[in-house]
Amino acid sequence: MKIRILSGKKGAPEGSGAAAQEPAAETHPGRIVIRRDLVTEDRYQRFRLIRWWEQEILANARVLVIGAGALGNEVLKNLALLGVGQIVLFDLDRIEDSNLTRSVLFRQSDVGRYKADAAAEEVSELNPDCHVVPIVGNINYDLGLGVIANADVVIGCLDNIEARFRLNRACYRLGKLFIDAGLDHLNGDVRVYHGADRPCYECGLNEYDRRTLEKQMSCLKLARAEGKGRAIPTVPTVSSIIAGLQVQIAVRHLHGLAIPSGRRLGMYGLSDVWFDNELLISDSCATHNWVDPIDANDIRELPLSAQTATCNDLLHYVEAELGTEATIQIEDRDLVIAFHCASCDESRPHFDLLGRASEEQARCPECGETRAPVLLPELKRDHPYGDKTLLEVGIPPAHVLVARNREGFEYRAFALAKDFSNYWKPRQKQSGS
Ligand SMILES: [Zn+2]
Ligand SMILES: [Zn+2]
């Protein structure tokens with residue numbers, strides 16, 4: 001009797017649903033045909049030979065990947081091959097020709113598409129066990145804290161200081177493991193940040209970084225006409241090495257094994273010299289000095305979505321817990337609610353986020369002067385914009401907000417939990433291997 005093994009490609013398209021209804025082994029006269037795509041335990045057989053490996057842990061894991069560039073592609077490829085169950089992928093950009101030399105998930109025909117969409121599609125193709133949610137968005141504005149709170153690990157594949165700074169602060173607040181990395185020429189490094197009692201990304205910023213960051217985040221900043229960021233010279237070989245290290249650290253963390261927390265590991269690609277530096281908490285780190293961590297277990301999950309709930313809807317729940325005149329702090333973003341023209345002495349409503357509102361939008365339609373943004377520091381009862389949805393005033397889906405009572409001594413965190421299911425699925429049951 002012959003036994004023939006067919007690959008998944010020869011059967012019904014993966015994920016089409018049609019395959020799942022067919023028996024795993026069909027009997028034909030004189031031979032048994034085994035459909036490899038249906039014998040799912042076989043795919044991970046080599047991993048299971050590692051003594052401590054638990055494939056179910058990876059199948060149940062939730063990994064948040066920020067950035068789908070050179071590093072992001074390699075990170076995603078590895079997560080797919082490893083059978084990581086859930087991935088949320090954030091990226092804002094579209095694919096350009098110059099990305100194709102460092103992006104294993106992109107094809108020539110993908111040029112012009114969003115990186116997040118093309119990468120997610122290819123990850124599902126590589127491994128249908130991986131559920132990927134692509135989000136085309138800017139992490140500075142569109143990433144709700146609840147997405148991070150519900151992830152097991154955050155992998156940073158970024159190329160600029162501001163995005164790293166904001167992601168670091170969000171991960172710090174929630175005590176979430178943040179595995180950051182950077183590339184430059186043939187060099188690369190991985191930095192592992194985890195929790196308030198360890199160094200964070202901001203601790204390691206030098207004077208030049210801080211000045212760059214201040215310039216980017218200055219209070220009166222309006223978005224300038226879109227310009228290209230600095231193109232970093234790099235090659236696919238080093239992104240593959242560094243992303244491999246990031247994901248391997250994530251796999252160890254998921255298994256509860258030791259990780260190089262508070263360390264910076266990397267290599268000089270022209271000399272093959274590897275380094276391993278201890279990072280230190282900086283006395284002047286504003287994140288460590290001023291940002292209060294949120295205990296994930298104390299977050300109240302509300303049945304609200306940023307897209308449909310108004311500011312007053314949220315206040316309704318907050319006041320029920322903290323009493324009337326409770327206020328919701330807006331700590332991690334600057335909400336613009338109007339522009340004020342000093343020359344005309346006139347304010348007009350405009351809802352946006354500082355940094356996203358453009359200089360063009362700030363120009364006074366009457367006199368042409370640049371108007372000053374009017375910011376909303378907190379949400380409270382009887383606010384004139386209380387009937388605006390949270391999304392309209394600049395609060396992202398699945399966000400976590402901290403509110404305090406009138407006297408200001410009781411604080412509580414609230415999550416827009418109705419949005420969670422757009423990012424993460426319930427975890428599978430442990431099959432107990
Ligand atoms: Zn710090
Ligand atoms: Zn004016």
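Predicted model: local features only at pLDDT ≥ 70, side-chain atom pairs only at ≥ 80, totals over all residues.
Local features here need pLDDT of at least 70, side-chain atom pairs count only at pLDDT 80 or more, and totals for chains, interfaces and linings use all residues. Residues are numbered from 1 along each chain as its sequence is written, while chains are lettered from A and ligands numbered from 1 in the order in which they are written.

Begin with the open sheet of eight strands, whose order is 6-5-4-7-8-9-10-11, with mixed pairing. Strands (E, at least two residues) and helices (H or I, at least four) are DSSP runs numbered from the N terminus, and two strands pair if DSSP finds at least two bridges between them. Strand 6 (131-136) and strand 11 (273-278) are the edge strands, each pairing on one side only. Inside the sheet, strand 4 (residues 62-66) and strand 7 (residues 153-156) run parallel and are joined by four bridges. L64 has V154 of strand 7 as its bridge partner.

Now turn to helix 4 (residues 70-82) and helix 5 (residues 115-126), whose axes come within 9 Å and cross at roughly 25°. Axes are lines fitted to C-alpha atoms, for helices over the stretch in contact, and angles run from 0 to 180 degrees between N-to-C directions. Helix 4 is therefore roughly parallel to helix 5, a label for angles under 35 degrees. Helix 4 contributes G72, N73, L76, K77, A80 and L81 to the contact, and helix 5 contributes A119, V123 and L126; residues are in contact if their C-beta atoms, placed from the backbone, lie within 7 Å.

Definitions and conventions. Parallel < 35°, antiparallel > 145°, perpendicular 65-115°, else oblique. Contact = placed C-beta atoms within 7 Å.
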